[in-house]
Amino acid sequence: MNHSGLVKELALRLNLTQQEVKRLLQASINTLSEKLHEHQSVPIPGLGTFSTTVVKEKKSFNVATRKFMLYPPKRLVRFNTSSTLKNSLPTQNENYE
């Protein structure tokens, strides 16, 4: 499903216009982004938790130039799926219909 498909589906389920749903989604994404910039985790019940983590600097060898390169530390966004969502998905043994 892409963005426009999600907007259409939510508009049908919530009895809202597609423009209202787009504004709602954009506000949600902006809020999520702001909280992550403030180093706060954002739990969404039934879905999972968004958080940030810092990856340490690392040294790597470039075979082409035969030199070591130093990659600086950086922040990454992580997502941990909730157990509710994990348990709701079918297992490999279940029939995929």
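First, the ground rules. The model is predicted, so local features need pLDDT of at least 70 and side-chain atom pairs count only at pLDDT 80 or more, while totals for chains, interfaces and linings use all residues. Residues are numbered from 1 along each chain as its sequence is written, and side-chain values use heavy atoms, with hydrogens and water left out.

I start with the sheet. Two strands pair if DSSP finds at least two bridges between them. In general, strands of a sheet pair through backbone hydrogen bonds, either parallel or antiparallel. In this model, three strands make an open sheet in the order β1-β2-β5, and the pairing is antiparallel. The edges are β1 (42-44) and β5 (74-81); each has a single partner strand, so one side of each is left without a neighbour in the sheet. Neighbouring strands are turned by 25 degrees against each other on average, direction ignored. For that angle, axes are lines fitted to C-alpha atoms, for helices over the stretch in contact, and angles run from 0 to 180 degrees between N-to-C directions.

Between β2 (residues 48-55) and β5, which run antiparallel, there are eight bridges. Contact means heavy atoms within 4.5 Å.

Ser51 is in strand β2. Is Ser51 buried or exposed? The scale is relative accessible area: under 20% is buried, over 50% exposed, and in between partly exposed, with a 1.4 Å probe and protein chains only. Ser51 has 18%, so it is buried. Leaving out residues up to four places away in sequence, Ser51 touches Leu36, Ser41, Leu76, Val77 and Arg78.

Ile44 lies in β1 and, at 33% relative accessibility, counts as partly exposed. From Ile44 to Thr81 the C-alpha distance is 9.6 Å, with 37 residues of sequence separation.

Next, aromatic pairs. Rings of Phe, Tyr and Trp (its six-membered ring) pair if their centres lie within 6.5 Å; planes under 30 degrees apart count as stacked, over 60 as edge-to-face, and the rest as tilted. That rule gives two aromatic pairs. One of them is Phe50 with Phe79, a tilted pair at 4.7 Å centre to centre with 50 degrees between the planes. This pair links distant parts of the chain, with Phe50 in β2 and Phe79 in β5, 29 residues apart. Phe79 counts as partly exposed, at 35% relative accessibility.

At the end of β5 we reach Ser82, in the loop between β5 and α3 (83-88). Ser82 counts as buried at 16% relative accessibility. A polar atom of the Ser82 side chain lies 3.4 Å from the backbone oxygen of Gly46. Beyond four places in sequence, Ser82 touches Gly46, Leu47 and Gly48.

The other strand pair is a hairpin. Strands β3 (residues 58-62) and β4 run antiparallel and are joined by five bridges, and Ser60 has Met69 of β4 as its bridge partner. Four residues lie between the strands, and Arg66 in this hairpin takes a positive phi near 60 degrees. Strand β4 (residues 67-71) is hardly covered: of its five residues, the count of buried ones is zero. The charged end of Lys59 sits over the ring of Phe68, 5.2 Å from its centre. The criterion is NZ of Lys or CZ of Arg within 6 Å of the ring centre and within 35 degrees of the ring normal.

Last, backbone angles. Most residues other than glycine have a negative phi. Asn15 has a positive phi of about 55 degrees; it lies in the loop between α1 (3-14) and α2 and counts as exposed at 71%. His39 has phi near 65 degrees, lies in the loop between α2 and β1, and is exposed at 57% relative accessibility.

Note on methods: Helix = DSSP H or I, 4+ residues; strand = E, 2+ residues; numbered from the N terminus. Polar contact = N/O pair within 3.5 Å; in protein donor to acceptor, adjacent residues only side chain to side chain.
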